[in-house]
Amino acid sequence: MTNTFLGMPAFPQAAARAVRDGQLRANLRHATHTIRDKRARAVAELPDWAELRAAGKAIKDHTLRHLDRYLVQLEESVTAAGGTVHWAADAEEANRTVAGLVRATGRTEVVKVKSMTTQEIGLNEALAAEGITAYETDLAELIVQLGEDRPSHILVPAIHRNRAEIREIFADRMAAWGRPAPEGLTDSPAELAEAARLHLREKFLRAEVAVSGANFMVAETGTLVVVESEGNGRMCLTLPRTLISVVGIEKVVPTWRDLEVFLQLLPRSSTAERMNPYTSLWTGTTPGDGPSEFHLVLLDNGRTAALADQVGRQALRCIRCSACLNVCPVYERAGGHAYGSVYPGPIGAVLTPQLRGTASPVDASLPYASSLCGACYEVCPVAIDIPEVLVHLRERVAEQGGHPLERAAMAAAGYVLDHPAALAAAERLAGRTRALHPRRLPGPGRAWTDSRDLPEVPAEPFRDWWRRNRT
């Protein structure tokens with residue numbers, strides 16, 4: 001099992017299996033509806049939410065346009081504060097860098113703060129190959145690790161598990177990773193949390209090396225930021241002697257003033273809280289306070305290629321709040337594993353194909369894993385137009401292959417839509433022949449109409465009606 005899930009079937013096949021799992025659908029429906037209802041109430045408290053959203057979008061767009069400048073400034077600031085910056089072009093280089101840094105300490109285990117970026121590059125598996133054990137300390141990530149499972153949600157990686165399943169995992173697997181679960185453990189949330197706390201506490205107290213990601217990096221000061229709800233991040237960021245942070249290059253923001261905007265947007269969009277219980281910030285190293293050695297690994301891994309795409313680059317605005325997953329009807333029914341990526345849901349459907357390309361069947365299928373309902377765009381706190389990017393990526397996939405009849409149909413449609421006279425003639429012809437239209441498309445189009453009715457064509461085109469009634 002790898003954290004990029006390469007080799008999985010394309011989304012339609014994976015989703016077809018997922019929707020037949022009644023327990024999975026029940027778990028997802030309960031969790032996503034609960035989170036999105038709480039989020040709606042939290043957002044409604046702010047009369048200037050629309051202005052905050054616009055500000056977040058503007059800051060991110062500005063930063064991406066000048067990313068080279070802000071990354072250089074960030075490196076200078078981190079170095080001046082006592083940290084060391086490493087640049088990684090891809091996952092292999094990042095994993096090699098982190099493994100080398102851990103080996104240099106002489107330690108063979110690390111504690112980890114929840115990090116999508118380290119999941120993206122498969123860091124745990126890479127460290128294991130070097131004889132280094134990585135312990136996840138976020139509760140949901142711990143559940144996934146103990147269950148030899150895969151994350152299925154950006155914010156709540158174990159959202160596909162219910163309390164009874166978690167109790168069974170703890171009872172069966174905790175002993176193999178350290179302190180065993182208490183005797184007589186029930187599925188009470190309080191008991192499960194206490195079992196995790198006792199299991200992790202011994203790891204926190206003996207750990208010499210920690211690995212984290214970061215939600216944001218402030219270029220002007222070299223400050224990194226992690227927001228979380230459990231306190232495990234604070235333990236990892238303060239107790240070990242060596243801290244290694246692996247962060248995507250798009251996570252930089254120019255100034256502290258910019259950070260203020262995102263610290264309002266992220267908590268309400270992710271956990272429906274006014275403020276995160278724990279917001280940890282660190283700048284380099286300080287003698288006698290926190291880690292004595294800090295390394296920042298800046299990861300590209302496809303981000304530069306995405307940045308070059310004027311439509312697709314908006315996906316790099318993402319602040320990993322997961323609001324789009326919680327409102328997506330496709331994610332709710334298919335779950336996160338069907339996406340074959342550590343980034344599931346609508347944002348994964350536009351981010352993964354840009355980071356990994358569209359050569360594999362699973363990556364080529366992801367832009368189609370959407371109904372284009374637009375709910376994801378409405379809730380995105382940085383206004384990523386996910387439906388626009390999905391259509392853009394579908395065009396890219398179609399250009400690289402596909403059925404000859406499909407390509408011909410798309411070419412014909414493109415010509416007609418580009419020529420108003422041809423479009424008007426086609427509309428009139430469609431209206432006059434509508435009695436002859438089939439209810440199902442033939443050939444490769446049949447798969448589309450097996451689950452949808454073809455729209456009924458009106459007898460008269462709108463432009464003709466307008467000309468007759470309004471001129």
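On a 1 Å grid over the protein atoms alone, a pocket is an open set of points with protein on both sides within 12 Å along at least five of seven lines, whereas a cavity is a set where a 1.4 Å probe fits but cannot get out; lining residues have an atom within 4 Å of a point. Grid points are joined across faces, edges and corners, and a volume is the space filled by probe spheres set on the points. The structure is a predicted model, in which local features need pLDDT of at least 70 and side-chain atom pairs count only at pLDDT 80 or more, while totals for chains, interfaces and linings use all residues. Residues are numbered from 1 along each chain as its sequence is written, and side-chain values use heavy atoms, with hydrogens and water left out.

The largest pocket holds about 1,900 Å³ of space. Its lining comprises 43 residues, and Glu 406, Met 410, Leu 441, Gly 445 and Trp 448 lie nearest the centre. Helices (H or I, at least four residues) and strands (E, at least two) are DSSP runs, numbered from the N terminus. At least two lining residues come from each of helix 19 (386–399), helix 20 (404–418), helix 21 (420–432) and helix 22 (446–449), and helix 20 gives the largest share, seven residues. For the classes, Ala, Val, Leu, Ile, Met, Phe, Trp, Tyr, Cys and Pro count as nonpolar, Asp, Glu, Lys and Arg as charged, and the others, Gly among them, as polar. On this basis the lining of the largest pocket has 23 nonpolar, nine polar and eleven charged residues.

The volume of the second largest pocket is about 1,500 Å³. This second pocket is lined by 47 residues, with Ala 140, Leu 155, Val 156, Glu 230 and Thr 271 closest to its centre. Elements that supply two or more of the lining residues are helix 2 (22–44), helix 6, helix 8, helix 9, helix 10, strand 6, helix 11 (232–238) and helix 12 (256–270). Helix 2 provides the largest share of the lining of the second largest pocket, seven residues. The class counts for the second largest pocket are 23 nonpolar, 14 polar and ten charged.

Burial is expressed as relative accessible area: buried means under 20%, exposed over 50%, and partly exposed in between (1.4 Å probe, protein chains only). Seven of the eight residues of helix 8 (residues 139–146) are buried, so this helix is largely enclosed by the rest of the structure. Contact is taken as heavy atoms within 4.5 Å. The buried residues of helix 8 pack against helix 6 (116–121), helix 7 (123–129), strand 3 (133–136), helix 9 (163–177) and helix 10 (189–206). At the start of helix 8, the backbone nitrogen of Ala 140 has a side-chain oxygen of Asp 138 within 3.1 Å. Glu 148, which follows helix 8, has a positive phi, near 50 degrees. Leu 155 is located in the loop between helix 8 and helix 9 and is partly exposed, with a relative accessible area of 23%. Beyond four places in sequence, Leu 155 touches Lys 114, Ser 270, Thr 271, Cys 321 and Ser 322.

Two strands pair if DSSP finds at least two bridges between them. An open sheet of four strands has the order 8-5-6-9 and mixed pairing; strand 8 (252–253) and strand 9 (278–283) are its edge strands, each pairing on one side only. Strand 6 (residues 223–228) and strand 9 run antiparallel and are joined by six bridges, with Val 225 opposite Leu 281. Thr 223 in strand 6 is buried, at a relative accessible area of 2%. Strand 10 (residues 293–299) has six of its seven residues buried. Strand 1 (residues 84–88) runs parallel to strand 10 through five bridges, and strand 7 (residues 242–248) runs parallel to strand 10 through seven.

Two cavities of 30 Å³ or more are found in a search of the whole structure. The largest cavity contains about 80 Å³ of space, and its lining has eleven nonpolar, one polar and no charged residues. The second largest cavity, of about 70 Å³, is lined by nine nonpolar, three polar and no charged residues.

Conventions:
Polar contact = N/O pair within 3.5 Å; in protein donor to acceptor, adjacent residues only side chain to side chain.
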